[in-house]
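Here is a short report on a protein model. Look at the structure first, then read on.

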Amino acid sequence: MTEQHSPQTTTRKKVLVVTAAFPPMKAGEADHAYRICTQLAQKGVDVHVLTTKGSQLPKDASFVIHDHMRDWSWRDLPRLRSFVKSCAPDVILIIFIGWIYHEHPMITFVPTVCKRAVPGVRVVTLFEYFSSWAPDRCSMLTRMIRRGIASLAGGSSVDYAYGTLLRDSDAIVTLSGKHTKALASHDVTVEKKTWLIPPPPLLQMAAGEPSTIRTVTRARIGIAPDDFLIAYFGYIYPPKGVETLLKAFQLVLEQTPQARLILIGGVVAQKYPDQPNYAEDMKALPAQLGISDKVTWIGAYATDSEEPSQYLYASDACAFAHYHGVYLNNSSFAAAAAHGLPIIATCPPWAEEPFVDGENLLFCAPKNPEDMARGLLRLMRDPVLRERLRDGSFELARRWFSWEMANTRLLEAFGVASGAGLSKPERISIGRVGESHP
């Protein structure tokens with residue numbers, strides 16, 4: 001086990017971030033954890049990270065990581081408790097999504113364990129998604145131990161899916177209004193202590209004049225001045241619907257040969273048994289569709305690389321073909337908005353209020369290449385629409401995806417900020433597409 005120290009720490013409030021996902025793991029959750037730690041450290045918070053063995057401290061980081069955890073199973077629970085007690089933080093931030101903990105229920109009891117180890121500590125749980133412990137994926141022994149721990153932790157008041165995460169966390173952070181509503185169905189008190197903090201862009205913004213970056217980057221990757229460059233940004237895995245985008249792009253090329261497509265992002269660490277070769281299949285699909293010469297694959301990039309930002313500045317629009325539509329928790333959407341790109345994205349069954357079709361994005365139907373192609377052609381042919389969507393993207397980024405806003409809200413949730421300004425985060429409504437909101 002190693003402890004990796006940065007050259008700078010402070011004696012101010014100590015925050016311990018508990019997460020199984022951290023670089024070099026390839027996952028949005030790992031990127032988010034790293035950015036949160038970096039931002040908090042820049043605010044003068046003394047940040048420590050308890051994470052998985054083999055995690056690495058990126059260069060120039062200003063916090064400390066402790067890669068003590070092995071597999072986040074029951075046998076790791078004493079190790080976690082011992083470390084929390086010796087660290088004695090003021091605040092513990094648990095970053096939770098089931099798959100990064102191998103769908104093991106141990107993590108769902110950590111708030112209770114931490115409060116008994118360090119009386120008075122404030123525990124905040126950040127839900128990357130509303131996934132929970134999956135009983136059918138655990139062994140009989142794991143379920144038996146869970147029943148015993150649940151009995152010690154309060155019996156009937158312990159949630160079957162989330163253990164004591166909801167009950168014993170002093171604050172809950174969600175990334176989407178959809179997530180808040182899902183968690184509230186387990187515990188009606190959740191909404192009263194929930195902070196909605198969508199993830200800001202999880203990439204390093206390129207330094208320099210955007211127009212210059214655009215010109216230089218397009219020349220570097222062979223994009224002509226009159227080419228219309230469509231970008232995809234994000235990890236490559238099944239729910240992202242990359243096959244829908246590629247098929248839609250093929251239809252676009254039939255009418256506008258000057259279109260180009262760039263795909264920015266590597267393969268996520270999460271496994272999808274039903275489609276284990278999804279990324280390889282997507283890389284082969286352009287050749288099968290006869291569009292290889294119009295598609296550029298960028299692949300993975302370093303955590304602190306400016307290249308993804310440069311590619312976004314070089315693009316004319318961004319497209320997201322997610323199976324389930326886009327929500328505020330989609331950090332790749334936040335990155336596109338921060339670059340002021342006109343965005344076309346699949347529409348979810350329930351749309352969050354900040355998204356306005358035709359104003360700050362263009363909706364299309366999921367798993368429907370024809371509908372996405374129609375939307376892309378509209379963007380290409382209508383400069384007035386593109387300018388309106390560009391303005392809408394910037395406004396979304398300013399209002400919802402700012403790191404300054406996220407920092408303020410997270411510190412408020414920690415109870416370590418002055419309390420000036422926001423006392424609670426802005427709440428949003430979720431409703432069926434086309435419904436009005438009060």
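Helix 14 gives four residues to the lining of the largest cavity, the largest share. Helices here are DSSP runs of H or I with at least four residues, strands are DSSP runs of E with at least two, and both are numbered from the N terminus. The model is predicted: local features need pLDDT of at least 70, side-chain atom pairs count only at pLDDT 80 or more, and totals for chains, interfaces and linings use all residues. Residues are numbered from 1 along each chain as its sequence is written, and side-chain values use heavy atoms, leaving out hydrogens and water.

**The cavity**

A cavity is a set of points on a 1 Å grid over the protein atoms alone where a 1.4 Å probe fits but cannot get out; lining residues have an atom within 4 Å of a point. Grid points are joined across faces, edges and corners, and a volume is the space filled by probe spheres set on the points. The count is one cavity of 30 Å³ or more. The largest cavity holds about 80 Å³ of space. Its lining is His32, Ile36, Leu126, Val173, Leu175, Ile197, Pro200, Trp403, Ala406, Asn407 and Leu410. Helix 1 (28-42) and helix 14 (403-414) are the elements that give two or more residues to this lining. By class, the lining has nine nonpolar, two polar and no charged residues. Ala, Val, Leu, Ile, Met, Phe, Trp, Tyr, Cys and Pro count as nonpolar, Asp, Glu, Lys and Arg as charged, and the others, Gly among them, as polar.

**Two helix pairs**

Axes are lines fitted to C-alpha atoms, for helices over the stretch in contact, and angles run from 0 to 180 degrees between N-to-C directions. Contact means heavy atoms within 4.5 Å.

| Pair | Angle | Axes |
|---|---|---|
| Helix 7 (210-220) and helix 10 (307-314) | about 95 degrees | 8 Å apart |
| Helix 12 (369-381) and helix 13 (383-400) | roughly 100 degrees | within 5 Å |

Helix 7 is therefore roughly perpendicular to helix 10, a term for angles of 65 to 115 degrees. Pro210, Ile213, Arg214, Thr217, Arg218 and Arg220 of helix 7 meet Glu307, Gln310, Tyr311, Tyr313 and Ala314 of helix 10. This contact has five nonpolar, two polar and four charged residues.

Helix 12 is likewise roughly perpendicular to helix 13. Arg378, Leu379, Met380 and Arg381 of helix 12 touch Pro383, Leu385, Arg386 and Leu389 of helix 13. Here the classes are five nonpolar, no polar and three charged.

**Backbone details**

Most residues other than glycine have a negative phi, and most peptide bonds are trans. The peptide bond from proline 23 to proline 24 is cis, with omega near 15 degrees. Proline 24 sits in the loop between strand 2 (14-18) and helix 1. Tryptophan 72 has a positive phi, near 60 degrees. Its place is the loop between strand 4 (64-69) and helix 2 (77-87).

**The whole chain**

The protein chain has 14 helices and 16 strands.

Conventions
On a 1 Å grid over the protein atoms alone, a cavity is a set of points where a 1.4 Å probe fits but cannot get out, and a pocket is an open set with protein on both sides within 12 Å along at least five of seven lines; lining residues have an atom within 4 Å of a point. Angles under 35 degrees count as roughly parallel, over 145 as roughly antiparallel, 65 to 115 as roughly perpendicular and the rest as oblique.
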